[in-house]
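Me: I am new to this one. Please show it to me, and then let us go through it step by step.

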Amino acid sequence: MEKITELSIPKDARIIVISDIHGELELFQRLLEKVRFGKEDYLIINGDLCEKGSNSMGVVQYIMELAANNPRVHVIEGNCDTLVEYLLNEDPNIINYLCARKHSIMNEWLEKIGYQLTSESSVQEVKEQIMSHFSKEINWLTELPTVIETEQHIFVHAGLEDKKDWKDSSRDAAISIPEFLYKSHQANKYVIVGHWPVGNYTTKLLSNNPIIDDKKKIIAIDGGNNVKNVGQLNAFIIQSGDVFSTTYVDHFPEMKVKKAFKADPSWSGVISYMNYALQLVEKGEHFTLCKQPETNHSLYVKNEYIRQTETGYEAKEEVSCSQLSVEQGDVVSIIDDRCTGFTLIKKDGLVGWIAKAALE
Ligand SMILES: [Mn+2]
């Protein structure tokens with residue numbers, strides 16, 4: 001790996017880390033406000049500024065300016081930020097990608113200059129068009145470091161390879177290795193990554209909050225913003241080197257709890273990505289007790305989230321199967337209020353069901 005930036009950060013400084021903004025300028029600005037980002041703070045953008053959301057161009061512009069005007073703002077590259085390299089290398093596959101993907105920074109650039117892309121467009125011509133207007137942004141993106149190493153931390157988008165010298169990791173692994181929390185590294189510092197939504201790691205209570213693994217020295221912070229239906233944009237905050245805290249923003253409307261609700265702890269678990277198959281055990285008025293053949297877990301699945309297939313049943317999408325306890329006066333986010341009897345909410349980053357009566 002070549003692009004490693006060494007950065008010295010005073011031990012008592014506050015470091016704010018945000019990853020996977022994915023074109024969500026408004027959320028990002030709201031998060032900076034929420035953490036009261038100020039002149040004394042260090043801000044690390046941990047990759048994936050671009051793609052998936054509708055304003056990648058705006059995010060890149062905003063962060064470029066932020067970094068140009070503030071020597072404490074630092075950015076590393078994510079796999080989604082390197083896609084412009086396919087264009088620079090005149091890889092014809094990028095044309096298909098841009099035709100299939102509505103939300104890409106390159107599509108935003110083309111729209112801005114009024115260029116009509118079709119599957120017949122030549123990659124050389126598209127490259128010329130984009131380069132003649134946006135070379136500043138492209139140069140900035142392609143020059144981003146892959147890793148920032150400080151006295152106490154390593155910031156990298158996806159992870160490191162399990163090698164004696166972590167610097168021998170390939171760039172490709174560093175920006176796109178999946179499920180880093182299930183792997184390990186041999187660096188003697190905390191490695192802070194985004195890239196893999198933390199919700200994918202939960203099996204009991206669905207949470208999008210950062211996960212700290214002290215044994216492995218890995219901190220995973222991707223809240224699944226714009227990737228998960230209940231995702232959020234996390235800020236991971238490091239104070240004095242090793243005091244960690246976290247906060248987030250999302251798009252869900254908030255409500256105040258009118259009446260406390262006590263969760264039944266036997267209702268826990270989550271249907272996560274890929275494990276959608278279900279065997280129905282006992283049908284209830286609001287939830288059905290199901291067995292997940294892939295995991296052998298028993299789960300109470302909200303009836304509205306179950307559908308019949310040609311061979312059996314499956315969950316329609318990822319969904320929490322836990323209940324949450326709430327107190328009167330708690331502020332919660334409403335994720336799904338269109339089901340019978342119960343509402344799906346988020347409280348402090350945890351996702352679960354509460355009785356509708358708690359909100360009425
Ligand atoms: Mn990524």
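**The metal site and beyond**

Reply: This is a predicted model. In sequence, the donor residues of the manganese ion are spaced D-x30-N-x77-H-x37-H.

Me: Which parts does the pair D48 and H195 tie together, and how many residues apart are they in sequence?
Reply: D48 sits in the loop between strand 3 (42-45) and helix 2. H195 sits in the loop between strand 7 (190-193) and strand 8 (211-213). The pair therefore ties together parts whose separation in sequence is 147 residues.

Me: Which residues coordinate the manganese ion, and at what distances?
Reply: Four atoms are named: OD of D48, OD1 of N79, NE2 of H157 and ND1 of H195. They coordinate the ion at 2.1 to 2.3 Å.

Me: Is D48 buried or exposed?
Reply: Buried means under 20% relative accessible area. D48 has 2% relative accessibility, so D48 counts as buried.

Me: How is helix 2 oriented against helix 5?
Reply: Helix 2 (residues 56-69) and helix 5 (residues 105-112) pack with axes 8 Å apart, at an angle of about 95 degrees. Angles of 65 to 115 degrees count as roughly perpendicular. So helix 2 is, relative to helix 5, roughly perpendicular.

Me: Which residues of helix 5 meet helix 2?
Reply: Helix 2 contributes S56, M57, G58 and V60. Their partners in helix 5 are I105, E108, W109 and K112.

Me: How many disulfides does the structure hold?
Reply: The closest cysteine sulfur to that of C99 is in C80, 18 Å away, too far for a bond. For C339 it is in C321, at 12 Å, also too far for a bond. The number of disulfides is zero.

Terms used. Residues numbered from 1 in each chain as written. Predicted model: local features only at pLDDT ≥ 70, side-chain atom pairs only at ≥ 80, totals over all residues. Heavy atoms only, no water. Axes fitted to C-alpha atoms, helices over the stretch in contact; angles between N-to-C directions. Helix = DSSP H or I, 4+ residues; strand = E, 2+ residues; numbered from the N terminus. Parallel < 35°, antiparallel > 145°, perpendicular 65-115°, else oblique. Contact = heavy atoms within 4.5 Å. Donors = N, O, S within 2.8 Å, 3.2 Å for Na, K, Ca; no water. Buried < 20%, exposed > 50% of the residue type's maximum accessible area, 1.4 Å probe, protein only. Disulfide = S-S within 2.5 Å.
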